[in-house]
Amino acid sequence: MNMSKLRARLLGVLVLLTGFVTAAGVQPAAAAPLPDSLWFDASAAATLTVEDGHFTDGLGREVVLRGYNVSGETKLEENNGLPFASVADARKSATALRALGGGNSVRFLLSWAQAEPVRGQVDTTYLAAATAQIGAFLDAGIRVYPDFHQDLYSRYLFNPGSWYTGDGAPKWAVDAGGYPQESCGICILWGQNITQNAAVTQASYDFWHNEYGLQDAFLTTAEATMAYVRQHLSTDQFAGVVGFDPFNEPHAGTYDSGQTSRAWEKDVLWPFYVRFRARMDAAGWQDKPAFVEPNLFWNANIDFQKQEGGLLDAGTLGSRYVFNTHFYDQKAISGIFMWGKAEDGQYVTDFGTVRDRASAAGTTAILSEFGHPLAGSVADKAPTVLKAMYQALDSRQKGATWWSDPAASGPVLSGSQWQWDIYNGRHHELMNDNPDRVMTTGDAWNDEDLSAVRLDDTGTAVLRQDARLLDRVYPSATAGTAVAFTYEDRSRDGTTTLTWNPVPSTLPNVSQLVGSGQYSLLVWRSDGTNTPTELHLPASFPTSSTTVVSDLGTTATPPPYTTTTPIAVALEPGGTGSRRLLLTAPGSGTPHYALVTNAATAPSAGLLSAARTELASWAAAEFG
């Protein structure tokens with residue numbers, strides 16, 4: 001068994017048995033397990049670390065984080081820089097995110113402006129409210145990584161009549177710089193302010209060069225924030241906080257004479273991350289990684305925007321850092337550089353680059369933002385763009401070649417879609433404090449509209465995108481090593497069902513079994529323990545019509561989980577009603593496969609047997 005995974009497993013068991021000891025040497029009372037927990041869940045949740053290029057839980061299983069950003073509401077003033085108006089709303093959102101959106105994690109946005117409205121004074125009222133809202137997600141079994149968010153440096157750079165706004169730095173930080181009147185000139189998209197608005201570029205430059213002590217102040221507030229969160233969550237809750245994203249979408253503002261984007265990452269950005277890492281350690285986050293982002297434009301898919309980067313000179317990141325990046329298809333968003341819609345394999349190369357960069361850095365990767373506008377002139381591309389992005393998260397192979405070369409799938413990537421804002425379309429935001437410009441539609445920020453969720457007139461959370469796209473099968477925890485994975489979601493573009501990975505005709509019985517239904521296929525090598533591998537089961541996979549064909553057996557209606565049932569279903573911890581498929585596999589290093597589909601009700605034993613024979617032959621040929 002891999003020794004690092006063994007250490008992680010032993011640590012998880014130790015935590016389960018004894019709890020953490022506080023600095024004063026007092027053991028806190030054992031907390032009640034989350035609703036719907038099974039025998040292994042507490043030790044699995046006791047820690048999440050980075051080992052061998054993967055997120056690894058307390059039992060040594062490979063973990064995939066999937067979910068959403070919570071939320072763009074933090075950019076607004078209407079709820080004082082908080083994602084929610086109340087903890088009750090946070091709980092409602094968390095339950096829906098798990099049950100409707102299929103997420104097991106969130107990137108939770110925080111505001112520097114609200115955390116330190118007066119220089120040197122941390123607002124504990126804000127931190128208390130934010131921590132309580134974080135707790136609502138943790139109590140629903142959802143892992144959390146906070147993010148000190150910023151866009152265009154600060155809203156206080158923009159005048160009341162501006163076309164645009166920002167978020168991030170407090171007013172005193174802007175006042176210290178005496179920046180010029182902001183103007184983007186002829187800008188079509190808000191992001192052009194990053195490089196074209198002199199106020200934004202100068203303020204950003206000052207932060208990175210610690211002018212007026214700005215970076216020092218930010219780091220002090222970040223440490224105080226992290227310490228507060230740690231101290232005001234229970235031990236079990238804090239175990240579900242998986243790391244911290246220090247700074248959203250970093251960019252130099254302007255480069256020094258002769259300085260390249262790569263040199264800026266090496267000489268300016270990376271030293272900042274090292275300083276932030278030290279503040280994490282001082283705040284009691286020493287066992288949690290920093291989710292560090294490279295230069296915003298390192299992976300831009302428009303050539304004239306792209307800048308060399310990707311933390312190329314940071315060396316081995318290891319377990320202390322996660323390679324954290326964003327991806328938006330700027331060609332599709334522009335409405336100019338991509339006229340059509342996304343196709344099968346559209347982003348496998350882009351996301352493959354992320355995998356390769358993380359592997360070279362000796363860590364794991366997460367795409368902490370990806371998405372596409374759901375309103376406006378390019379909204380018609382959203383169904384195909386998002387399908388292609390999720391496809392590329394699942395595998396570096398496009399559908400047309402997956403079955404013929406599944407071993408090239410690469411690791412399943414973690415990701416957080418932008419975004420999950422239950423107030424979408426129901427805002428009341430005074431843009432730049434202008435009472436004559438009240439923003440109510442979409443995300444109420446710079447004409448964005450990307451939220452996957454909204455509240456209907458009864459106050460119930462409902463999806464704004466196809467549930468088949470969002471609520472997905474994915475290997476949330478693999479007891480061993482995931483070798484290959486694919487998921488055909490059959491999501492829709494209007495009235496057209498999109499099928500990019502049909503079962504090949506060389507597997508006729510598998511193809512008949514799957515039919516027009518959704519299906520996933522996981523291939524993994526087991527770790528020799530009795531801890532199950534978990535796949536999230538979407539709501540579209542009710543137990544009564546979920547069929548599993550595996551070397552572990554076949555079943556058309558998986559039974560409830562027991563320690564002697566190799567294929568079973570159970571609720572996910574947290575009391576949200578979401579479900580998981582549990583696969584308990586024997587052997588260490590032994591290859592296993594499991595096809596999961598929702599197409600058939602009561603398929604014949606003959607068809608199940610024939611499909612299993614085909615899959616066994618395919619798996620032996622592809623994986624030995």
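Start by selecting residues 124-138, helix α5, in this predicted model. The helix has 15 residues, and from its first C-alpha to its last it reaches 20 Å, close to the 21 Å expected at 1.5 Å a residue.

Next, show Asp123 together with Thr125. Asp123 caps the N-terminal end of α5, with a side-chain oxygen 3.0 Å from the backbone nitrogen of Thr125.

Now move to strand β19, residues 519-527. Eight of its nine residues are buried, which leaves the strand mostly covered.

One is β16, residues 480-488, which joins β19 in the antiparallel sense over eight bridges. To find a point in this pairing, select Ala482 and its bridge partner in β19, Trp524. Another is β25, residues 588-597, which also runs antiparallel to β19 and is joined to it by eight bridges. Here, select Arg525 and its bridge partner in β25, Pro591.

Last, go to the largest pocket, which holds about 1400 Å³ of space. Centre the view on Leu189, Trp190, Gly191, Gln330 and Ile333, which of the 48 lining residues lie nearest the pocket's centre. Then highlight α7 (193-196), β8 (321-327) and α12 (330-334), each of which supplies at least two residues of the lining. Colour the lining by residue class: 23 residues are nonpolar, 17 are polar and eight are charged.

Methods:
Residues are numbered from 1 along each chain as its sequence is written. This is a predicted model: local features need pLDDT of at least 70, side-chain atom pairs count only at pLDDT 80 or more; totals for chains, interfaces and linings use all residues. Side-chain values use heavy atoms; hydrogens and water are left out. On a 1 Å grid over the protein atoms alone, a cavity is a set of points where a 1.4 Å probe fits but cannot get out, and a pocket is an open set with protein on both sides within 12 Å along at least five of seven lines; lining residues have an atom within 4 Å of a point. Grid points are joined across faces, edges and corners, and a volume is the space filled by probe spheres set on the points. Helices (H or I, at least four residues) and strands (E, at least two) are DSSP runs, numbered from the N terminus. Ala, Val, Leu, Ile, Met, Phe, Trp, Tyr, Cys and Pro count as nonpolar, Asp, Glu, Lys and Arg as charged, and the others, Gly among them, as polar. The expected span of a helix is 1.5 Å times one less than its number of residues. A polar contact is a pair of N or O atoms within 3.5 Å; within protein, one must be able to donate a hydrogen and the other to accept it, and residues adjacent in sequence count only if both atoms are side-chain atoms. Buried means under 20% relative accessible area, exposed over 50%, partly exposed in between (1.4 Å probe, protein chains only). Two strands pair if DSSP finds at least two bridges between them.
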